[in-house]
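Subject: A structure for you to look at

Hi there,

Here is the structure I promised to pass on. Have a look at it first, and then read on below for what turned up in it.

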Amino acid sequence: MVQILDEILKDLPKGIISDSVFEGANIILYTKDKEFFLNKGETIRDIVNKIKKRVELRPDPTLTMELEKAEEFIRKIIPPEAVLGSIQFDPQRSIVVIGAEKPGIAIGKQGEILKEIKRKTFWVPNVERTPAIESKIIENVRSVLFQNNDYRKKFLHKVGLRIYNGYTKERKEEWIRVTFFGGGRQVGRSCVFLQTPESKVLLDCGVNVAFDDYNAYPLLDSPEFKIEDLDAIIVTHSHIDHGGFVPFLYKMGFRGPTYCTAPTRDISALLALDYIGVAFKQARKNLFDVNDIKEMVKHTITLNWEEVTDITPDMRLTLYNSGHILGSSMAHLHIGNGLHNLVYSLDGKTPVAILDKNNEAAFEPIGKIVDQAMNKHPEMVRKKGDVEEMPNVGGLKTFAFNPSTLKTEIAPITRLLRHPIKEDLY
Ligand SMILES: [Zn+2]
């Protein structure tokens, strides 16, 4: 058994947990003990505080009420004003997904309706808002996920095994290496390969639609890249030049996770389908087909902004709102338990981690910070060709790599530079 599960189980009464599995970085415990499930929230909270990982307690699938009876109960207990939509059961995970136009009403005051559903049916209810406008793509994505419930459960457990194998709380002394496979000083085919001795991750994998030859795709034929060693893909946003090549990786046999926000997953699937359609109309060869897009959806793990999650034994990912398009994120990677911090930002508003005087990290668009500083002290701005430069009078600090200690450290920013970009960014 994986060490972290051992650590959790030894703090719980013997035999109370019937199964313990991973759903990505989340740890799920199943119990056959009704009393324990309904009343032992505190015990689980204590475990979460101790191990600092997300842990969820669910009833064992043998406890759940029959589907028809449970659906009848749910339809009766939720007030009609919530406007119920579909009710879908995931029997393997003891989860029921309830669609409602007004989720707040379906949940009830302080979640009392959901608590009652749990108590009476032993299903764990998740309420999802019915889209205001009917959306074929969202329906299709959800149905791909539901049809593959069985596979998803095994896949998410495998992802967890990879993350927690050799899990340690210690800070790791190790190198990181960043290689640009595309998008370095160019618009299109954004793709950054991030490696540590332990992990290999791609940040974005896009297509340059201005070309239809070798120049259109990231340089995945680089000798250091082996698809079978790739741990994960992170997609910052759904524009084709950032996520358009991801289905191709699944065509090539990649079966690991893609991390992004839910809107990025859905719009990426839509744009990938559109990309096939355009290729067909232009009588061009298709790079991938609908099945590869389905594989991408099946293997996508969605994250909310500011939700911290482990993605490999030495990388922890947090997505932040980047304000570029719906669902777009910048990715903050916390590597080797804090040895390195890397922020990958993207198009247009280019935010970076800046530390204020109390060393509190704030993610701000760097352009905004520089603009504000320069407008405040116009007398200090010097012009060198296109570039404007001034000393950092605000005392701003950031994360920086120190070559003499080979460590990422907090360092003052020495100069603020502004170089207006004239091209449009996508
Ligand atoms: Zn973009």
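Three strands make up an open sheet with mixed pairing, in the order S1-S2-S3. Strand S1 (17–23) and strand S3 (55–59) are its edges: each has a single partner strand, so one side of each has no neighbour in the sheet. On average, neighbouring strands here are turned by 25 degrees against each other, direction ignored. S1 and strand S2 (residues 26–31) run antiparallel and are joined by 6 bridges. Within that pair, Ser20 sits opposite Leu29 in S2.

Please keep in mind that this is a predicted model.

Next, have a look at helix H4 (residues 67–77) and helix H6 (residues 112–121), whose axes come within 11 Å and cross at roughly 155 degrees. Angles over 145 degrees count as roughly antiparallel, and H4 and H6 are therefore roughly antiparallel to each other. Their crossing is right-handed. On the H4 side, the contact is made by Ala70, Phe73, Ile74 and Ile77, and H6 brings Ile113, Glu116, Ile117, Lys120 and Thr121. By type, the residues of this contact are 6 nonpolar, 1 polar and 2 charged.

**The chain as a whole**

Taking contacts between residues at least 6 apart in sequence, 62% join residues at least 24 apart.

Enjoy exploring it!

Best wishes

Notes: Residues are numbered from 1 along each chain as its sequence is written. This is a predicted model: local features need pLDDT of at least 70, side-chain atom pairs count only at pLDDT 80 or more; totals for chains, interfaces and linings use all residues. Two residues are in contact if their C-beta atoms, placed from the backbone, lie within 7 Å. Two strands pair if DSSP finds at least two bridges between them. Helices (H or I, at least four residues) and strands (E, at least two) are DSSP runs, numbered from the N terminus. Axes are lines fitted to C-alpha atoms, for helices over the stretch in contact, and angles run from 0 to 180 degrees between N-to-C directions. Angles under 35 degrees count as roughly parallel, over 145 as roughly antiparallel, 65 to 115 as roughly perpendicular and the rest as oblique. A crossing is left-handed if the near helix is turned anticlockwise from the far one by less than a right angle, and right-handed if clockwise. Ala, Val, Leu, Ile, Met, Phe, Trp, Tyr, Cys and Pro count as nonpolar, Asp, Glu, Lys and Arg as charged, and the others, Gly among them, as polar.
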